[in-house]
Amino acid sequence: MLPIVLAAVSALVWGTADFSGGKASQRAEPLAVTVASQIFCLPALAVCLLAVPGTPGLADIAWGVGAGVAGFGGIVLLYRALASGAMAVVAPVTAVTAAVVPIVAGLLTDRTPGALALGGAGLAVLAIALVSLGPGGDRRAVTSRLIGISLLAGLLFGLFFSLLGQSTEEAGMWPLAAGRVSSIIVGLLLLARTRTSLRLPRAVVPWAIVAGTLDIVANALYLAAAVRGHLSIVAAIAALYPASTVLLALAIDRERLRLLQIMGLGLAATALVLTTT
């Protein structure tokens, strides 16, 4: 029960972080926002390390580094795909792939969960696809290259879930620290290569701080859930984060929900009930 609760809360926090990051990226260079938000999260990361100390092995650090690099690569590719304007295709393809990868990894590396829990994970994947659907009026061309980028972004996000989930409970939050340091290094190298400034407009900084802080908190909650529960179930629930992003867009930006998105929210609730049964 506890791993499911932790994963569900991580999805809620992740969705809020994504909403904040999206707001920041509307007003500044997305790559700069991503790197800056990850730097801004370091105080919260220090608190996580103090709250959940551990003794990591080399394997734990390696899993964390791999997860950090994969997660950052997924963000970069997602932004590139979304820049095409075909959000109604990019978002669900990326989100569903990100959920399926750790489900498969969990089934291959861990014990098989119960039928109800596995059914809940399957419903969660369907809920993610429906909730992630954007406006239906987009008529921009969807190329095979765009689909490929979306799939690769989802694969990298799925690898993040899967690799971080391989850490041991004894490692505490150190795998998370290794992942964040590695992603910041990769981000700074990309900024240097593309000659992109890290400086953000003053109005964007609060959004970036909120995004980075909440993102690392969500990461910590997911790691705590993954080392205690079944990866296939925990990752599927954590991957429901688009639901909270959509609800925030509804409450703050007054965006209208499509019928399929409302159905997705209902399926997400059903998935939570099944996985906790």
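Figure 1. Patches join residues with over 30% relative accessible area and no salt bridge, nonpolar side chains (Val, Leu, Ile, Met, Phe, Trp, Tyr) within 5 Å and like charges within 9 Å. In this predicted model, local features need pLDDT of at least 70 and side-chain atom pairs pLDDT 80 or more, whereas totals for chains, interfaces and linings use all residues. Residues are numbered from 1 along each chain as its sequence is written, and side-chain values use heavy atoms, without hydrogens and water. Met 1, Leu 2, Val 5 and Val 9 together form a nonpolar patch of about 370 Å² (Shrake-Rupley areas, 1.4 Å probe, with only the protein chains shown as cover for residues). Val 5 belongs to helix H1, which spans residues 2–25 (helices are DSSP runs of H or I, at least four residues, and strands are runs of E, at least two, numbered from the N terminus). With 37% relative accessibility, Val 5 is partly exposed (buried is under 20% relative accessible area, exposed over 50%, partly exposed in between; 1.4 Å probe, protein chains only).

**Figure 2. Overall fold.** The protein contains twelve helices and zero strands. Of its 277 residues, 49% are buried.

Figure 3. Helix H3 comprises residues 42–51, and its buried residues include Ala 44, Leu 45, Cys 48 and Leu 49. Viewed down the axis of H3, the buried residues fall within an arc of 145 degrees, and they therefore line one face of the helix (the arc is taken from the directions from the helix axis to the C-beta atoms). Helices H8 and H9 are among the elements that cover the buried residues of H3. On the face turned away from the buried side, Pro 43, Val 47, Leu 50 and Ala 51 are exposed.

**Figure 4. Salt bridges.** Two salt bridges are counted (a side-chain nitrogen of Lys or Arg within 4 Å of a carboxyl oxygen of Asp or Glu). In one of them, the side chains of Glu 169 and Arg 228 meet at 3.4 Å, N to O. Glu 169 lies in the loop between helix H7 (144–164) and H8, and Arg 228 in the loop between H9 and H10, so this pair ties together parts that are 59 residues apart in sequence. Glu 169 is partly exposed at 43% relative accessible area, and Arg 228 is partly exposed at 40%. The side chains of Asp 215 and Arg 180 form a salt bridge at 2.9 Å, N to O. Because Asp 215 lies in helix H9 and Arg 180 in helix H8, the pair ties together parts 35 residues apart in sequence. Both Asp 215 and Arg 180 are buried.

**Figure 5. Surroundings of Ile 103.** Ile 103 sits in helix H5, residues 87–109, and is buried at 11% relative accessibility. Neighbours within four places in sequence aside, Ile 103 is in contact with Ala 121, Val 125, Ser 232 and Ala 236. The C-alpha atoms of Ile 103 and Ser 162 are 8.4 Å apart, although 59 residues separate the two in sequence.

Figure 6. Arg 195 occupies the loop between helix H8 (174–194) and H9. This residue is not a glycine, yet has a positive phi of about 55 degrees; at 80% relative accessibility, Arg 195 is exposed. His 230 is located in the loop between helix H9 (205–226) and helix H10 (231–238). His 230 is buried, with 6% relative accessible area.

Technical notes: Contact means heavy atoms within 4.5 Å.
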